[in-house]
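Student: Please take one part of this structure and walk me through it closely. I am new to it.

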Amino acid sequence: MAELSDASEEEGSEWEEGEQASWRCGRQLFAGTQLTSRSAKYYDGLHCRQASLLCRLCTGACALNYHRAKFDPAQTDLCECGKQETREHVLLACPLYDEARHSLLQHLWLLKIPTAGQLLDKPLYRNPLLDFLDRTGRFPRLSKALEVEKKEKE
Ligand SMILES: [Zn+2]
């Protein structure tokens, strides 16, 4: 019984953390008046973790090593493949995610790879992009969020 309650507490705190992050993120977004309605539409219907991840990738404040290393000198800025782990690298270039990227590009009917900015800008690309991010396995919290959502729907 004690084990059960521990587990749910842990789940709860992580959930809150994600919620807070996306709330903070949302506040930043809504601070820009021009972007307000467009952003709201873009993030409409997303799980908070999905919205938070997309928002972080957009602003550059994401959980990628290149960004982390700026704040923590002990942290490597490299990807597992040995190159700097920037947003562009993960979205467009990393060979580790080639397979996931291939399916993203097929899905988008694109013949050439768009820029990271384009990928993150178009509502049309949003869901395939989330699918790609999930497939990379680089953002485990996103996958977890999707699992939770699936269970909620069942
Ligand atoms: Zn890489």
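Tutor: Buried residues make up 24% of the 154 residues in the protein. A residue is buried if 20 or more other C-beta atoms lie within 10 Å of its own, exposed if 12 or fewer, and partly exposed in between, with C-beta atoms placed from the backbone. This is a predicted model: local features need pLDDT of at least 70, side-chain atom pairs count only at pLDDT 80 or more, and totals for chains, interfaces and linings use all residues. Residues are numbered from 1 along each chain as its sequence is written.

The secondary structure comes to 9 helices and 0 strands. Helices (H or I, at least four residues) and strands (E, at least two) are DSSP runs, numbered from the N terminus. Contacts also say something about the fold. Two residues are in contact if their C-beta atoms, placed from the backbone, lie within 7 Å. Among contacts between residues at least 6 apart in sequence, 49% join residues at least 24 apart.

Now to H8. Helix H8 covers residues 123-136, which is 14 residues. At 1.5 Å a residue, H8 should span 20 Å, and its end C-alpha atoms are 20 Å apart, which agrees. The expected span is 1.5 Å times one less than the number of residues. The buried residues of H8 are Leu129, Leu130, Phe132 and Leu133. An α-helix has 3.6 residues a turn, so residues three or four places apart point the same way. After H8 comes Gly137, with a positive phi near 75°.

H8 has a packing partner. Helix H6 (residues 98-108) packs against H8 at an angle of about 170°, with the axes 9 Å apart. Axes are lines fitted to C-alpha atoms, for helices over the stretch in contact, and angles run from 0 to 180 degrees between N-to-C directions. H6 and H8 are therefore roughly antiparallel to each other. Angles under 35 degrees count as roughly parallel, over 145 as roughly antiparallel, 65 to 115 as roughly perpendicular and the rest as oblique.

Which residues touch? H6 brings Ala100, Arg101, Leu104, His107 and Leu108 to the contact. H8 brings Tyr125, Pro128, Leu129, Phe132, Arg135 and Thr136. By class, the contact has 7 nonpolar, 2 polar and 2 charged residues. Ala, Val, Leu, Ile, Met, Phe, Trp, Tyr, Cys and Pro count as nonpolar, Asp, Glu, Lys and Arg as charged, and the others, Gly among them, as polar.
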